[in-house]
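Trainee: I would like a close look at a single part of this protein. Please take me through it step by step.

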Amino acid sequence: MTPAGVVLAAGAGTRLGRPKALVRTGAELLVERAVRTVRAGGCDPVVVVLGAQAEDVRAAADLGDAVVVENAAWETGMGSSLRCGLDAAARTGAPAAVVALVDQPGITPAVVDRLVARWRDGAVAVVATYGSEPRNPVVLDAAVWSEVADRATGDVGARAWLRANPERVVAVPCDDIAVADDIDTPADLAMLMTEPTVEST
């Protein structure tokens with residue numbers, strides 16, 4: 001069983017001053033890195049949800065054979081992007097989806113692989129934790145997509161459903177194989193640029 005990867009990359013990056021999908025770190029854009037990470041972690045197909053400056057992202061990014069969809073309602077927040085991504089994944093017939101955010105370049109394929117292994121063991125929802133705190137990515141079995149979508153509103157993605165269903169969620173510590181820091185501000189980006197490159201293997 002092979003899950004789809006769903007990369008949420010639709011935001012405008014208001015605090016950063018530009019869409020995060022268009023941020024370049026080293027030789028690649030953040031959106032390219034996110035796609036590469038979930039693909040290397042075993043996801044196929046990979047769905048990328050774009051929104052702000054979607055045409056610019058399409059022109060600038062090499063997304064390979066990823067399924068690119070545009071969220072016309074991206075300004076309403078992450079919830080609509082998650083719904084858009086899960087809908088696209090459903091059309092591929094995927095049995096589950098690994099949902100990843102474009103602004104966490106410290107996430108590695110090893111994280112994806114570890115979470116997917118727990119899903120294959122029978123979990124319907126798996127979340128990565130760092131310092132015992134749930135973060136991203138998450139794995140959602142197709143059986144719960146409609147429930148997750150119903151609760152994904154505004155700037156809330158899967159978090160509302162995960163919190164409402166703790167008995168159905170498996171938490172997997174990933175501190176040893178990834179860094180969950182996200183890039184929200186120019187200061188975050190500057191710090192990333194001055195730190196050693198996080199390996200994605």
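Trainee: How many of the 11 residues of α1 are buried, and why does that matter for how enclosed it is?

Mentor: A word first: this is a predicted model. Now to the helix. In α1, 8 of the 11 residues are buried, so the helix is largely enclosed by the rest of the structure. The buried residues are L30, V31, E32, R33, A34, V35, T37 and V38. Find them on the helix, which covers residues 30-40. An α-helix has 3.6 residues a turn, so residues three or four places apart point the same way.

Look at R33 next. R33 sits in α1. Is R33 buried or exposed? R33 has a relative accessible area of 8%. The cut-off for buried is under 20%, so R33 counts as buried. The R33 side chain also has a polar partner. It makes a polar contact with the side chain of E28, at 3.4 Å.

Now follow the chain out of the helix. Just after α1 comes G42, with a positive phi of about 110°. Then comes the loop between α1 and β4, where P45 is found. The peptide bond from D44 to P45 is cis, with omega near 5°. Most residues other than glycine have a negative phi, and most peptide bonds are trans. Another cis bond joins N136 and P137, where omega is about 0°. P137 is placed in strand β8.

The largest nonpolar core has 42 residues. V31 and V48 have the most contacts inside this core. V31 is one of the buried residues of α1. Which elements give two or more residues to the core? They are β1 (4-9), α1, β4 (46-50), α2 (54-60), β6 (96-101), α4 (109-120) and β7. Leaving out residues up to four places away in sequence, V48 touches V7, A9, V31, V35, L63, A66, V67, V68 and V69. V31 and V35 in that list are also among the buried residues of α1. There is also a second, separate core of 28 residues, which includes L8, A152, L162 and V169.

P109 lies in helix α4. With a relative accessible area of 8%, P109 is buried. Between β4 and α2 there is a loop that holds Q53. Q53 is not a glycine, yet it has a positive phi of about 50°. Q53 is partly exposed, with a relative accessible area of 41%.

Now the strands. An open sheet of 7 strands has mixed pairing and the order β5-β4-β1-β6-β8-β7-β9. Its edge strands are β5 (67-70) and β9 (169-173), and each pairs on one side only. On average, neighbouring strands in this sheet are turned by 25° against each other, direction ignored.

β7 (residues 125-130) pairs with β8 (residues 133-141) in the antiparallel sense, over 5 bridges. T129 stands opposite P134 in β8, and V126 has V139 as its bridge partner there. On the β9 side, β7 and β9 run parallel and are joined by 5 bridges. V127 stands opposite A171 in β9.

One turn is worth a stop. β7 and β8 form a hairpin with 2 residues between them. G131 in the turn has a positive phi of about 60°. S132 lies in the loop between the two strands. S132 has a positive phi of about 70°, although it is not a glycine. S132 counts as exposed, at 66% relative accessibility.

Last, the cysteines. A search of the whole structure finds 0 disulfides. The closest cysteine sulfur to that of C84 is in C43, 18 Å away, which is too far for a bond. C174 is in no disulfide either, with the nearest cysteine sulfur, that of C43, 13 Å away. C174 is buried, at 0% relative accessibility.

Technical notes
Residues numbered from 1 in each chain as written. Predicted model: local features only at pLDDT ≥ 70, side-chain atom pairs only at ≥ 80, totals over all residues. Heavy atoms only, no water. Pairing = 2+ DSSP bridges. Helix = DSSP H or I, 4+ residues; strand = E, 2+ residues; numbered from the N terminus. Axes fitted to C-alpha atoms, helices over the stretch in contact; angles between N-to-C directions. Buried < 20%, exposed > 50% of the residue type's maximum accessible area, 1.4 Å probe, protein only. Polar contact = N/O pair within 3.5 Å; in protein donor to acceptor, adjacent residues only side chain to side chain. Disulfide = S-S within 2.5 Å. Core = buried A, V, L, I, M, F, W, Y, C linked by side-chain atoms within 4.5 Å. Contact = heavy atoms within 4.5 Å.
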